[in-house]
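Please keep the sequence and the model at hand while reading.

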Amino acid sequence: MSEGLYTAVMGVRDFLKEYFNGFWDYETPKMMVIKNRPLGVIYRAVQFLVITYFIWYVFISQKAYQQSETHPESSVYTLIKGKAVHGDDVLDNVEYAHPPEGVDVISTILRREFTYDQRQGTCPEHFSVDNANCTTDSDCLLGLPNFDSHGIRTGRCIQYHKHPFKTCEIKAWCPIEEYAAVREPPLVQAINFTVFIRNSIHFPKFKVLRVNVESPPGMKTKKYLKRCHYHEESAPYCPNFRLGYIANQARENFTELCKTGGVIGVFINWDCNLDLDPSHCKPTYIFRRLDLRKDLADYGYYYRFAKYYDKNGVESRTLIKAYGIRLDIIVHGQAGKFSVIPTIISTVTALTSVGICSIICDWIMLTFIDKNEVYSERKFDEVTKEPTDTIRTEFSFISSYGSNHSDLSDGVPL
């Protein structure tokens, strides 16, 4: 074996032997009193921050002493109520509410566009459709569909009604909507419509059921619901919301919504501290616009439906394009109640985290203050055999029955 290889093997052996022997050593903290004002200020400041964090944020704000439930069972029932005069007609909720009785989604019609007497036949395509304008039949390929086309092309190029230009002929429900639609004025009286939102929420872990409907003492619930409207302070348990109030809380202009429609989210939040009486568990409401805004080409909320009938033996229909407000009811809930286990875990975590103060101050002391390595000489000792007699040094006093405690107050250059 060469000398170099032998040296390497012996070095590895010594390393493994030292590591094995050191593996069985026991390490214990050594108590030292460092009378250094800046270091003491840092130590107490870090202690204060850690303790404040756990008391204020962890225990008070986050309620870490509670067992929590964040996925409750929820049920929503909605209904839109109100009457409105529109021209010569009186409209009720059957006319403008879809569906008449909803769950977590309900909409109300604010404006309509009618295309009357549509029948299956042929008619010119609208000129706004891509590649619809033509001069000869060769510009219109037979049967060629288009993404925004109203029907199937017949292959003919015909005059666009009484206009001087031509477009491709299509087979569809004619006349098409863009040409023959009749626009009615918006239903401005809808601002006073009432939206009834009943929400039941159940926390099965704690066996607590809450409902956002509760009448004042001495008044029947049915009578109360006929006259109340929601108010955050005076009527927090009234589930009736004016449509104008919802739009205002969502920071939307109701007149603009009547023109284009929109989707508004109604967020019902239940944050229940069950250490108190369940009657303190009250819902809070947040209203926010959910759909895309008017800075895009196509925005708002609308849908189409048709009313079919027979006219002179020919199937006909009236196409209705309805603009309105759609309400999405979104429920969030969480509940908490005191429990011993999370309290113990949080308390132990807090007490353990206080130890970070000593780690930070030790690092500052050994890195920035201990210029002459006086602290490090006292901080780290290696004891191979427990002394039987008392050992006195200039800086420390070690007894056989007490803690290893050093007082570095004099003679240490800082």
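In what follows, a residue is called buried when its relative accessible area is under 20%. The model is a predicted one, and in it Cys258, at 2% relative accessibility, therefore counts as buried. Cys361 takes part in no disulfide, the nearest cysteine sulfur being that of Cys357 at 7.0 Å, and Cys361 is likewise buried, because its relative accessibility is 7%.

## Overall pairing

The structure holds 5 disulfides. When the bonded cysteines of the protein are numbered in sequence order, their pairing reads 1-6, 2-4, 3-5, 7-8, 9-10.

The link connects strand 9, which holds Cys134, to strand 10, which holds Cys157, across 23 residues; Cys134 is buried at 8% relative accessibility, and Cys157 is buried at 10%.

Cys140 and Cys168, whose sulfur atoms lie 1.9 Å apart, form a left-handed disulfide, because the torsion about their S-S bond is about -85°. Cys140 sits in the loop between strand 9 and strand 10 and Cys168 in strand 11, so this pair ties together parts 28 residues apart in sequence, and both cysteines are buried.

## The link between helix 5 and strand 15

Cys228 and Cys238 form a disulfide with a sulfur separation of 2.0 Å, and with 85° about the S-S bond this link is right-handed. Both residues belong to the loop between helix 5 and strand 15, 10 residues apart. Cys228 is buried at 8% relative accessibility, and Cys238 is buried at 0%.

Note on methods: Residues numbered from 1 in each chain as written. Predicted model: local features only at pLDDT ≥ 70, side-chain atom pairs only at ≥ 80, totals over all residues. Heavy atoms only, no water. Disulfide = S-S within 2.5 Å. Helix = DSSP H or I, 4+ residues; strand = E, 2+ residues; numbered from the N terminus. Buried < 20%, exposed > 50% of the residue type's maximum accessible area, 1.4 Å probe, protein only.
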